[in-house]
Amino acid sequence: MPSLGADMDSGTLLEWRVSPGDRVARGQIVALVDTEKAEIEIECWQAGVVERLIAEVGQKLPVGAPLAWLREEGEAAATAKPAPAPPAVAPAATAVRPAPPVSVAPRAPDVRPPPPPPSPLRVAVGESRRVHASPLARRLAKERGVDLASLAGSGPGGAVVAEDVQRAAGARQPAERVLAVAPTAPAEAAAAAPRDRREGMRRAIAASMAKSKREIPHYYLETSIDCGHALEWLRARNESRPVSERVLPVALLLAATAKALRRAPELNGFFVDGAFRPGSGIHLGVAVSLRGGGLVAPALRGADLRSLDELMCGLRELTQRAREGRMRSSEFSDATLTVTSLGDLGVDRVFPVIYPPQVAIVGFGRIAEAPWAERGMLAVRPIVRCTLAADHRVSDGMRGARFLAELARLLARPEEL
Amino acid sequence: MTRDEIRSLVLRELGRIAPEADLSALPESAPLREELEIDSMDLLNFATAIHAALGVDIPEADYERIASLGGCVDYLAARLAR
């Protein structure tokens with residue numbers, strides 16, 4: 001049972017899409033799992049042959065529990081086969097063993113994908129339903145011929161949940177369904193856990209960004225900011241400090257962003273269940289690119305309350321841990337706005353894509369010298385192009401423009417950051 | 001400290017920043033930033049590590065002098081000889 005999001009601790013198997021003996025390709029969808037939020041299709045991360053299905057449809061399993069045994073190509077069948085113990089034959093409901101310890105597949109991968117749980121791939125949005133019921137309950141009811149409307153739901157808000165349906169159906173399972181429970185859980189059972197984290201991360205990014213592009217009506221604003229004074233101030237400040245205490249320009253940009261957000265609450269928070277939920281605190285997600293590809297955006301919590309040195313210290317630590325793949329779960333759960341700075345790569349500006357369920361993202365290009373006209377004079381100044389992408393369901397361009405103006409104002413007075 | 005010792009120390013620290021890079025193939029005069037995809041945070045970490053190892057504090061104003069492997073070794077050798 002793979003982890004499909006920071007907040008997931010278990011999932012319910014809804015459906016197998018493969019049978020024992022099937023040859024599966026890497027990336028193939030092998031099962032459908034219901035989490036608290038959505039039904040999610042589970043890909044297999046390894047090619048091989050399905051040796052045995054362990055998890056039973058309808059069974060709720062903790063993250064990390066094995067779902068099936070997979071035999072790798074070329075692996076002798078014998079090594080994957082358990083000792084010829086007689087298969088336990090029993091009605092499924094009683095054959096279910098306690099889930100083995102989560103050691104088979106690590107509960108939390110070292111590198112977590114940056115975005116919140118992948119989008120609900122199969123949730124019908126806006127579908128009108130007579131009865132409020134979970135997807136699993138719906139499926140079970142269909143399978144067992146139970147009329148959902150006749151049930152009193154025990155779930156949140158009176159929703160009909162799987163247990164209600166099972167109770168109504170007498171918790172019967174088809175008698176012919178036979179389950180062979182593995183006497184031992186072989187290490188090879190980690191079939192459903194992503195072996196290649198980069199691949200997993202790419203998929204997570206893809207799912208999140210596709211959801212963003214599909215659902216969020218972005219609007220984009222850009223402003224050019226003269227960083228001359230800020231950089232000069234920073235240079236003088238760094239000059240008198242040992243290398244370990246120096247502050248990078250990006251920390252100034254983060255500090256200005258965090259403090260500007262105080263006056264733009266509509267850009268700081270989440271869009272969940274059709275409504276905006278303001279963030280409690282300003283937690284800046286900092287996009288950190290990983291060597292070899294991929295991206296994580298862990299949160300610098302309480303960024304507006306930190307001094308410049310504290311921000312720099314936090315940023316340094318975060319970047320290092322992100323690149324070493326040692327992230328903390330709290331950092332993934334609650335960034336309220338993401339900042340992406342691609343200036344080191346020499347691009348002038350970034351057109352960022354919002355990380356759902358966040359409602360805005362700020363991008364900084366490189367700080368580069370450019371002609372700058374002010375008060376009738378032309379000068380060459382270090383300019384940074386700051387872009388904002390924000391969610392039109394929550395805010396308008398006017399609000400975004402005010403935020404960028406405030407950010408520029410703050411950068412002009414670095415002493416106050 | 002000999003030039004070769006400085007060189008191997010620089011390579012060791014670069015290897016920590018870019019563990020996947022083949023440093024034996026690193027051209028002497030190529031810009032490290034592009035060659036190893038080093039960003040400003042990496043550069044700061046590199047300068048910090050050099051400071052810890054050699055006691056040489058590289059001011060920001062000198063960063064362009066350590067932009068390549070050869071330049072970096074030359075620069076550190078000169079600083080240490082001072």
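**Entry 1: a loop residue**

With how many C-beta neighbours inside 10 Å does A:Val247 sit, and does that count as buried or exposed? Before answering, I note that I am working from a predicted model. I found 21 C-beta neighbours inside 10 Å, so A:Val247 counts as buried; the cut-off for that is 20 or more. I then checked where A:Val247 belongs, and it is in the loop between helix H6 (228–239) and H7 of chain A. Leaving aside neighbours within four places in sequence, I see A:Val247 in contact with A:Leu234, A:Arg237 and A:Asn238, and also with A:Leu308, A:Asp309 and A:Met312. I looked up one distance as well: A:Val247 and A:Glu310 are 63 residues apart in sequence, while their C-alpha atoms are 9.8 Å apart in space.

**Entry 2: a strand residue**

Next I picked A:Tyr219, which has its place in strand E8 (residues 218–226) of chain A. Here I count 15 other C-beta atoms within 10 Å, so A:Tyr219 is partly exposed. Not counting residues up to four places away in sequence, A:Tyr219 touches A:Ala390, A:His392, A:Gly397 and A:Gly400. For A:His392 I also took the separation: 173 residues in sequence from A:Tyr219, and 6.5 Å in space, C-alpha to C-alpha.

**Entry 3: chain A as a whole**

Chain A has 417 residues, and 42% of them are buried. Its secondary structure comes to ten helices and 17 strands. I also looked at contacts in chain A between residues at least 6 apart in sequence, and 67% of these join residues at least 24 apart.

**Entry 4: the cores**

Which residues touch the most other members of the largest nonpolar core? I noted A:Ala251, A:Leu254, A:Leu284, A:Val286, A:Leu300 and A:Ala360, in a core of 80 residues. Helix H7 (residues 249–261) of chain A gives this core its largest share, ten residues. Apart from it I found another core, of 31 residues, with A:Ile42, A:Cys44, A:Leu67 and A:Val146 among them. A reminder to myself: nonpolar side chains tend to be buried together in soluble globular proteins. I followed up A:Val286 too; leaving out residues up to four places away in sequence, it touches A:Ala297, A:Pro298, A:Leu300, A:Leu315, A:Leu318 and A:Val339.

**Entry 5: a helix in chain B**

Over to chain B, where helix H1 (residues 3–17) has 15 residues. From first C-alpha to last, H1 of chain B reaches 21 Å, close to the 21 Å expected at 1.5 Å a residue. Its buried residues are B:Ile6, B:Val10, B:Leu14 and B:Ile17. They cover an arc of only 70 degrees around the axis, so they lie on the same side of H1(B). The spacing reminded me that an α-helix has 3.6 residues a turn, so residues three or four places apart point the same way. On the face turned away from the buried side I see the exposed residues B:Asp4, B:Ser8, B:Arg12 and B:Arg16. What covers the buried residues of H1(B) includes helix H3 (40–54) and helix H4 (69–81) of chain B.

**Entry 6: where the chains meet**

Last stop, the interface. I find 14 residues of chain A in contact with 14 residues of chain B. On the chain A side, H6 and helix H8 (308–324) are the elements that give two or more residues. H6(A) gives the largest share, three residues. By class, that side has four nonpolar, four polar and six charged residues.

Conventions
Residues numbered from 1 in each chain as written. Chains lettered and ligands numbered in written order. Core = buried A, V, L, I, M, F, W, Y, C linked by C-beta atoms within 7 Å. Buried ≥ 20, exposed ≤ 12 C-beta atoms within 10 Å, placed from the backbone. Helix = DSSP H or I, 4+ residues; strand = E, 2+ residues; numbered from the N terminus. Contact = placed C-beta atoms within 7 Å. Expected span 1.5 Å × (residues − 1). Arc of directions from axis to C-beta. Nonpolar A, V, L, I, M, F, W, Y, C, P; charged D, E, K, R; others polar.
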